[in-house]
Amino acid sequence: MSAGVIVMNRNAVALAADSAVTIGNHLAVHNSANKVFALSKIEPVGVITYASADFMHIPIEVIIKQYKQDHSRCVFDNLDDYVKDFLSFLIDKQKMFHFDINESERVMSLIDNLLEE
């Protein structure tokens, strides 16, 4: 189970999360994961993660850190533009992260699980 909290008012936003992360299919729980990440080096924009610590078999931390490395100097007018840019990054970098291979493996794994049940 993950916990993430956002407290906002007109002047500020604070993000906080627990540090527990589940590895694999609930095989192990570690209490030292980072779940709050800055997306920019110059703007106060962050991401908080929860639940699964990976996306298409890639640790979400790796994806976010790569985005920050590539786009850390980007400035957008609103948060929606950051979301759109991050999603465009995922599409542009799908070959780098091998999403096509991981998607096939994910589908086969789901089919195997369904057939076993």
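The dialogue below reads a helix pair, a nonpolar core and one lysine in a predicted model.

Reader: How is the packing of two helices described, and at what angle do the axes of helix 1 and helix 2 cross here?

Author: Two packed helices are described by the angle between their axes and by the distance between those axes. In this model the axes of helix 1 (60-71) and helix 2 (79-92) come within 11 Å and cross at roughly 105°. Because angles of 65 to 115 degrees count as roughly perpendicular, helix 1 and helix 2 are described as roughly perpendicular to each other.

Reader: Which residues of helix 1 meet helix 2?

Author: From helix 1, Ile63, Ile64, Gln66, Tyr67, Asp70 and His71 meet Tyr82, Asp85, Phe86, Phe89 and Leu90 of helix 2. Sorted by class, this contact has 7 nonpolar, 2 polar and 2 charged residues.

Reader: Which residues of the largest nonpolar core touch the most other members?

Author: That core has 14 residues, of which Ile63, Ile64, Phe86, Phe89, Leu90, Phe97 and Phe99 touch the most other members. Helix 1 and helix 2 each supply at least two residues of this core. Setting aside neighbours within four places in sequence, Ile64 is in contact with Phe37, Leu39, Val47, Thr49 and Phe86.

Reader: Turning to Lys35, is this residue buried or exposed?

Author: A residue counts as buried when its relative accessible area is under 20%, and Lys35, at 5%, is therefore buried. Lys35 lies in the loop between strand 4 (28-30) and strand 5 (36-38).

Reader: What does the side chain of Lys35 join through a polar contact?

Author: The side chains of Lys35 and Asp18 are joined by a polar contact of 2.8 Å. Beyond neighbours within four places in sequence, the residues in contact with Lys35 include Ser2, Ala17, Asp18, Val47 and Thr49.

Terms used: Residues are numbered from 1 along each chain as its sequence is written. This is a predicted model: local features need pLDDT of at least 70, side-chain atom pairs count only at pLDDT 80 or more; totals for chains, interfaces and linings use all residues. Side-chain values use heavy atoms; hydrogens and water are left out. Helices (H or I, at least four residues) and strands (E, at least two) are DSSP runs, numbered from the N terminus. Buried means under 20% relative accessible area, exposed over 50%, partly exposed in between (1.4 Å probe, protein chains only). A polar contact is a pair of N or O atoms within 3.5 Å; within protein, one must be able to donate a hydrogen and the other to accept it, and residues adjacent in sequence count only if both atoms are side-chain atoms. Contact means heavy atoms within 4.5 Å. A nonpolar core is a set of buried Ala, Val, Leu, Ile, Met, Phe, Trp, Tyr and Cys residues joined through side-chain atoms within 4.5 Å. Axes are lines fitted to C-alpha atoms, for helices over the stretch in contact, and angles run from 0 to 180 degrees between N-to-C directions. Angles under 35 degrees count as roughly parallel, over 145 as roughly antiparallel, 65 to 115 as roughly perpendicular and the rest as oblique. Ala, Val, Leu, Ile, Met, Phe, Trp, Tyr, Cys and Pro count as nonpolar, Asp, Glu, Lys and Arg as charged, and the others, Gly among them, as polar.
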